[in-house]
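Work through the exercises below with the sequence and the structure at hand. Each task is followed by a solution in steps.

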Amino acid sequence: MLNSLLREPLIQVTVTLFVYLLTNRLYRRFHFFLFNPLILATLIVIYILHYAKIDYAVYSQGGDMITFLLGPATVALGVPLYKQLPNIRSNLKGISVGVITGSITAIVSTIFIAKALGASRETLLSIAAKSTTMPIALGITGILGGNDKIIVMAVAVTGIFGGVIGAEIMKMAGIKSRIAVGIGIGTASHAGGTSRAIRIGETEGSMSGAAIVLTGLVTALLAPYIVKWLI
Amino acid sequence: MAALTKKRGAKLFEGFVILLLMQSTGTFLSNYFDLILPGNLVGLLLLFLALVLRIIKLDQVEETAGLLLDNMMALFIPLNVGLITILPRIKQEWLAIMVSLLASTVIVMVVTAKAVEFSERGRKNVKQPS
């Protein structure tokens with residue numbers, strides 16, 4: 001019964017979005033990082049599919065319909081970029097220096113460390129874009145020839161981690177400039193870190209937000225060359 | 001005036017069509033000219049450009065963009081569920097992946113922030129020697 005129901009793309013889409021709605025409410029109420037809606041909803045959907053004995057190939061009929069919307073969602077990032085324009089202009093030097101330095105550091109350090117620990121070539125290609133915002137990371141990984149599932153997880157982990165430890169790392173590193181704290185957190189850990197930067201202060205939050213899409217664009221332009229050179 | 005103000009539903013629809021137009025154009029340009037940027041990113045830049053040049057007004061796309069971006073995590077669930085198809089490889093490499101992600105995030109944060117602070121200091125030094 002459950003098996004035949006979940007073979008319908010309609011039910012697959014409904015269950016996925018409904019589970020997200022519930023986990024998102026839970027997260028909003030408790031704000032505990034392990035309740036991250038993406039991770040919790042994913043685990044619940046996996047459990048349901050497992051329980052109903054549905055293969056991923058069957059589930060992806062409905063899943064692909066949801067994934068399709070990521071295209072327009074990526075384009076939609078043009079709107080926050082446009083809204084951030086006055087912000088970017090007023091701190092153009094700091095933001096360009098930070099985003100370019102950070103993007104290069106992110107690609108190089110991610111690949112270098114994973115390679116030293118014995119990760120396979122395809123894994124390296126799949127995590128190189130981990131500091132960029134998720135839809136952009138997905139596009140970059142497609143160009144690099146990495147695995148789309150690994151990059152989604154890698155970006156999620158990076159964002160959660162940046163959100164949890166961002167403020168403490170900046171304090172430990174002795175960073176005093178509010179602008180530098182914001183750009184550092186936003187460049188390293190996209191929207192996940194930014195959600196925390198907003199709570200540190202207004203300057204930190206807006207600078208972190210301004211860095212997100214720019215880091216994605218710079219990484220998209222540089223990653224193919226750096227990867228070719230490192231792997 | 002009320003007749004001239006578009007209803008919310010119509011605005012959301014118009015915004016969605018604009019986003020698809022930008023994505024399609026971006027994908028075409030990316031493929032045709034064999035660009036290094038993926039089509040979606042070219043679409044992002046086209047939308048940004050159209051907003052700056054006021055070919056498209058913010059009002060036309062803002063609500064649709066918000067609808068998609070505010071709920072973007074939902075759109076990633078199916079891909080994330082797909083991790084179960086590559087579980088053996090994850091089991092083998094999870095430590096390398098995790099250490100790399102976490103260490104790199106710390107490194108990027110500190111290096112970026114230091115670079116920004118350094119650039120700010122440079123600016124002050126230029127202004128001060130009077």
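## Exercise 1: The interface

Chain A and chain B bury about 7,200 Å² between them, with 80% of it on carbon and sulfur atoms. Buried area is the accessible area (1.4 Å probe) that two parts lose on being put together, summed over both. This is a predicted model, in which local features need pLDDT of at least 70 and side-chain atom pairs count only at pLDDT 80 or more, while totals for chains, interfaces and linings use all residues. Residues are numbered from 1 along each chain as its sequence is written, chains are lettered from A and ligands numbered from 1 in the order in which they are written, and side-chain values use heavy atoms, with hydrogens and water left out.

Task: describe the side of chain A that touches chain B, by residues, helix and class.

Solution. 

1. In chain A, Tyr56(A), Val75(A) and Tyr82(A) lose the most area to chain B, and together they account for 9% of what that side buries.
2. Counting contacts (heavy atoms within 4.5 Å), 93 residues of chain A meet 69 residues of chain B.
3. There are 17 residue pairs in polar contact between chain A and chain B, both residues being at pLDDT 80 or more. A polar contact is a pair of N or O atoms within 3.5 Å; within protein, one must be able to donate a hydrogen and the other to accept it, and residues adjacent in sequence count only if both atoms are side-chain atoms.
4. Helix α11 (residues 148–172) of chain A contributes the largest share of the side that touches chain B, 14 residues. Helices (H or I, at least four residues) and strands (E, at least two) are DSSP runs, numbered from the N terminus.
5. By class, this side of chain A has 58 nonpolar, 28 polar and seven charged residues. Ala, Val, Leu, Ile, Met, Phe, Trp, Tyr, Cys and Pro count as nonpolar, Asp, Glu, Lys and Arg as charged, and the others, Gly among them, as polar.

## Exercise 2: Salt bridges

Task: how many salt bridges does the rule find across the interface of chain A and chain B, and which chains does the pair of Glu62(B) and Lys83(A) join?

Solution. 

1. The rule asks for a side-chain nitrogen of Lys or Arg within 4 Å of a carboxyl oxygen of Asp or Glu.
2. Across the interface of chain A and chain B, two salt bridges are found.
3. Over all chains, the count comes to nine.
4. Glu62(B) forms a salt bridge with Lys83(A), their closest N and O atoms being 2.7 Å apart. Glu62(B) lies in helix α3 of chain B and Lys83(A) in helix α6 of chain A, so the pair joins two chains.

## Exercise 3: The largest pocket

Task: what is the volume of the largest pocket, and which helix gives the most to its lining?

Solution. 

1. On a 1 Å grid over the protein atoms alone, a pocket is an open set of points with protein on both sides within 12 Å along at least five of seven lines, a cavity is a set where a 1.4 Å probe fits but cannot get out, and lining residues have an atom within 4 Å of a point.
2. Grid points are joined across faces, edges and corners, and a volume is the space filled by probe spheres set on the points. The largest pocket has about 1,400 Å³.
3. Of its 44 lining residues, Ala191(A), Gly192(A), Ser195(A), Leu69(B) and Met73(B) lie nearest the centre.
4. α12(A) gives the most to this lining, eight residues.
5. The lining of the largest pocket has 24 nonpolar, 14 polar and six charged residues.

## Exercise 4: The second largest pocket

Solution. 

1. The second largest pocket has a volume of about 320 Å³. Among its 14 lining residues, Met153(A), Val157(A), Leu83(B), Ile90(B) and Met98(B) are the closest to its centre.
2. α5(B) supplies the largest share of this lining, five residues.
3. The residues divide into 12 nonpolar, two polar and no charged.
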